Amino acid sequence: MFKIIKRENLVPNIHLIKIHAPKIAEKCKPGQFVIIMPDEKGERIPLSIADWDKEEGTITSVFLVVGTSTFKLSRLNAGDSIPSFVGPLGRASEIDNFGTVVCVGGCYGIGAIYPIVKALKEKGNEVITLIDVRSKYLLYWEEKLKKASDEFIVSSRDGSYGFNGYAPEALKDLIQKEKIDRVIVVGCTYLMYKCSETTKPYKIKTTVSLNPIMVDGTGMCGACRVKIGEETKFACVDGPEFDGHSVDWEELFARRKFYFDDEILSLCEWEKRLI
Ligand SMILES: Cc1cc2nc3c(=O)[nH]c(=O)nc-3n(C[C@H](O)[C@H](O)[C@H](O)COP(=O)(O)OP(=O)(O)OC[C@H]3O[C@@H](n4cnc5c(N)ncnc54)[C@H](O)[C@@H]3O)c2cc1C
Ligand code: FES
């Protein structure tokens, strides 16, 4: 059993969970993820590692409530335990001295981009962090990210804070103003797709952290199959980070919707049990 040290509602529908797992904290690197099971009867879901503390022996993830498992996680509290917590999984982010790097984070990716920002800065890059929010009230970890970055930009789709518009538009503005050597995006699939489309004409290498449906997380089941150029890859072992200009986005969007009806049914069934 793994003990929950903290579970906090950061902004509406987005939660932080900190779990005691010293062996994972000892080994994890930016860009990796864990697979977590909220209860004995639950499914295993992947969550990116947003922070860790080797001394405390803890792993922190940030999650968006979208269905049964994330709903179950959002109801856990400090002192509760979860039956299974596996990691670190996936390949670590490529951390090198690229020059000027724009790190884009949206939704749960605002948390998940943090270790990548920190590591790129430590490696000597000029790091511009660009955060996408629908509105100012959905922004979290502002101070933490500001401290880790050379420049910190928020783009809000309702114009309530920072750049008025969608992050890919703010990214285009940045590219037109200065030389950007690399872009890294973590967040919802549509944000990663749009940022990749934005950088493609400028031939700026863009890395995206893909989030297909996963089951085992060890390359055995094939659930996380993604098409990268002409090749089929498994996001859990070959990724989760891939070249955004080579991803078959249409296939990824379709595969992510594959169990939509079952997911809705599962949530309805589970909610009925709560009433
Ligand atoms: C490597 C990786 C890292 C991830 N990191 C995070 C993270 O840090 N925080 C976070 O909130 N989410 C993250 N996700 C997505 C997260 O795993 C899903 O949101 C979760 O599995 C949904 O489970 P559920 O039972 O709550 O919802 P479900 O009922 O299973 O699904 C509800 C909706 O979410 C979509 N969905 C289902 N499973 C996944 C999945 N595995 N990945 C993406 N979307 C899915 C479905 O298309 C559906 O629309 C990550 C996914 C991957 C593959
Ligand atoms: S989750 Fe099974 S192969 Fe990747």
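Tutor: Let's say a residue is near a molecule or strand if its C-beta atom, placed from the backbone, lies within 6 Å of it. This is a predicted model, where local features need pLDDT of at least 70, side-chain atom pairs count only at pLDDT 80 or more, and totals for chains, interfaces and linings use all residues. Residues are numbered from 1 along each chain as its sequence is written, with chains lettered from A and ligands numbered from 1 in the order in which they are written.

Student: How many residues surround ligand 1?

Tutor: Gly67, Ser69, Thr70, Tyr108 and Glu263 are the closest. The whole shell comes to 27 residues.

Student: Which domains each give at least three residues to the shell around ligand 1?

Tutor: The chain splits into domain 1 (2-89), domain 2 (100-209) and domain 3 (213-275), with bounds from an automatic or database domain assignment. Those that each give the shell at least three residues are domain 1 and domain 3.

Student: How far apart are the C-alpha centres of domain 1 and domain 3?

Tutor: These two domains touch, with nine residues from domain 1 and nine residues from domain 3 in the contact; contact puts C-beta atoms, placed from the backbone, within 7 Å. Their C-alpha centres are separated by 19 Å.

Student: Which residues does valine 185 contact, leaving aside its neighbours within four places in sequence?

Tutor: Val104 is one of the partners of valine 185.
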